[in-house]
Amino acid sequence: MIVFDWTLLYWISGVLLASIWLVPTLQLALHFSEVADLTQPNWIPPSDAALPSLTIVAPARNEEAEIEPALRSLLKLNYPQFEVVAVNDRSTDQTVAIMDRIAVEPAAQGKLRVIHVRDLPSGWLGKVHAMWLGAQQTSTDWLLFTDADCVFHHDSVRRAIHYATTTRADHLVLFPTAHMKTLGERMMIGFPQVMSSFAMRPWKVRDPNARDHMGVGAFNLLSRKAYNTIGTYEKLRLEVVDDIKLGEAIKKAGLRQDVVFGPDLVSLRWAVGAAGVVANLEKNLFAFLQFRVSLVLGVCAVTFFLCVCPFLGLLLAPGWARIPFAVAVAMIALSYTLTGRYMSSSPLLFLTCPIAALVFAFATLQSAFLAVRDGAITWRGTKYSLVELKKKA
């Protein structure tokens, strides 16, 4: 009778996990500091600096709780030539009334223009159409696409434009600061930040020869020339993960792209509680995985192996076979520590990694299940046909 050597299996699994986690963790440790921080004094533009004209496009659908502080922060920006185009995308709450009320105030005159979308044209996603429509209203040198729940520091845009023009970037992404008020939010927002290190290297985005690209809905700043070069948002009209696809289009066009940190320059509360994060992820996850069930199942299996098995092995492996699992857990802890510096989160958050992984896997499966069941993705009250969306995947 053949006796299976479970100890050997533990050793193989543990060494594999430690090796896999070692690579992205070392990359974070060695290169994360290469990403510029706009809060540093060297990115304050001189008082007499000639800054280009700018249009800030803020699409909004049912944002009554956040739209007022967001718009007021934009109106207080310390920038010489800018206009805010706020686009109401068929809101059914008080968003419309709030936007119109702010637009007629003296402080908004010449700075804020409000546009109302009554009907969504076929072949468009609501947010993408709103951003495209907003950009059509002006011909400024630069465009900044942001979300209607983001609050801006008064000097944020000056610093970002100064950085972009100094480094000759065509597209600049500023990582926003997420205000997390519950452990569930910290757990579910911190987890994807750590896991993204397997797929994205922010410090390589500026390298024209690297495949890495980036896009963040809270802050996509690009020159008008770059925007026109990629065919405007009209080319992305059915992209669910429009911010990432914008970054991909910029990189494929051979344009210069960069990403920066800037703690509290742009801030938002992305979701309320772990359930809120899961609800927000449901729209994007299946689309991010190209609407392929096989990829969904593969991602869930890999997530379980990478994020749950190290902790299980540390508890269950016999004797010295726990060592490689301990190394894997240590790498996870270090990854959380490195990314946590820019999220103001505790290094101890790594202890929530296996729970977050299981919740993330559930959100991924649910995203795919709901889309396949309904034949559509539903977001903010609008259904988008899966058949039509797959044509663009």
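Reader: I'm starting with the strands. Which residue in β2 is the bridge partner of Pro-59?
Author: A quick heads-up: this model is predicted. Strand β1 (residues 54-60) and strand β2 (residues 82-89) run in the parallel sense and pair over seven bridges. On the β2 side, the bridge partner of Pro-59 is Val-87.

Reader: In what order do the strands of the open sheet of seven strands come?
Author: Strands in a sheet pair through backbone hydrogen bonds, either parallel or antiparallel. Here the pairing is mixed and the sheet is open. Reading across it, the order is β3-β2-β1-β4-β8-β6-β9.

Reader: Which strands stand at the edges, each with a single partner strand?
Author: A strand with a single partner has one side left without a neighbour in the sheet.

Reader: At about what angle does helix α8 run to β8?
Author: Helix α8 takes in residues 242-252. It lies across β6 (171-174), β8 (220-223) and β9. Against β8, its angle is about 30 degrees.

Reader: On to the rings. Is the pair of Trp-21 and Phe-198 stacked or edge-to-face?
Author: A pair of aromatic rings is described by the distance of the centres and the angle of the planes. For Trp-21 and Phe-198, the centres are 4.9 Å apart and the planes meet at 75 degrees. Planes over 60 degrees apart count as edge-to-face, so this pair is edge-to-face.

Reader: How many residues apart are Trp-21 and Phe-198?
Author: Trp-21 belongs to helix α1 (residues 6-31), while Phe-198 is in the loop between α6 (183-195) and β8. Trp-21 is buried, at 0% relative accessibility, whereas Phe-198 is partly exposed, at 30%. The pair links distant parts of the chain, and the separation is 177 residues.

Reader: What about Phe-145 and Tyr-233: what is the angle between the planes?
Author: Phe-145 sits in strand β4 (residues 142-145) and Tyr-233 in the loop between α7 (224-229) and α8, 88 residues apart. At 1% relative accessibility, Phe-145 counts as buried, and Tyr-233 is buried at 1% too. Their rings are 4.9 Å centre to centre and edge-to-face, with a plane angle of 90 degrees.

Reader: Which aromatic cluster does Trp-203 form part of?
Author: The structure holds 13 aromatic pairs. Trp-203 belongs to one cluster, whose members are Phe-32, Phe-175, Trp-203 and Phe-261.

Reader: Is Arg-90 buried or exposed?
Author: Most residues other than glycine have a negative phi. Arg-90 has a positive one, near 60 degrees, and its place is in the loop between β2 and α3 (95-103). Its relative accessibility is 15%, and under 20% counts as buried, so Arg-90 is buried.

Reader: What is the relative accessible area of Thr-232?
Author: Thr-232 lies in the loop between α7 and α8. Its phi is positive, about 60 degrees, although Thr-232 is not a glycine. Thr-232 is buried, and its relative accessible area is 12%.

Reader: Last one: how far does helix α13 reach from its first C-alpha to its last?
Author: Helix α13 has 22 residues, 353-374, with Phe-360 and Thr-364 among those buried. After α13 comes Gly-375, with a positive phi near 65 degrees. At 1.5 Å a residue, 32 Å would be expected for α13, and the reach is close to that, at 31 Å.

Definitions and conventions
Residues are numbered from 1 along each chain as its sequence is written. This is a predicted model: local features need pLDDT of at least 70, side-chain atom pairs count only at pLDDT 80 or more; totals for chains, interfaces and linings use all residues. Side-chain values use heavy atoms; hydrogens and water are left out. Helices (H or I, at least four residues) and strands (E, at least two) are DSSP runs, numbered from the N terminus. The expected span of a helix is 1.5 Å times one less than its number of residues. Buried means under 20% relative accessible area, exposed over 50%, partly exposed in between (1.4 Å probe, protein chains only). Two strands pair if DSSP finds at least two bridges between them. Contact means heavy atoms within 4.5 Å. Axes are lines fitted to C-alpha atoms, for helices over the stretch in contact, and angles run from 0 to 180 degrees between N-to-C directions. Rings of Phe, Tyr and Trp (its six-membered ring) pair if their centres lie within 6.5 Å; planes under 30 degrees apart count as stacked, over 60 as edge-to-face and the rest as tilted.
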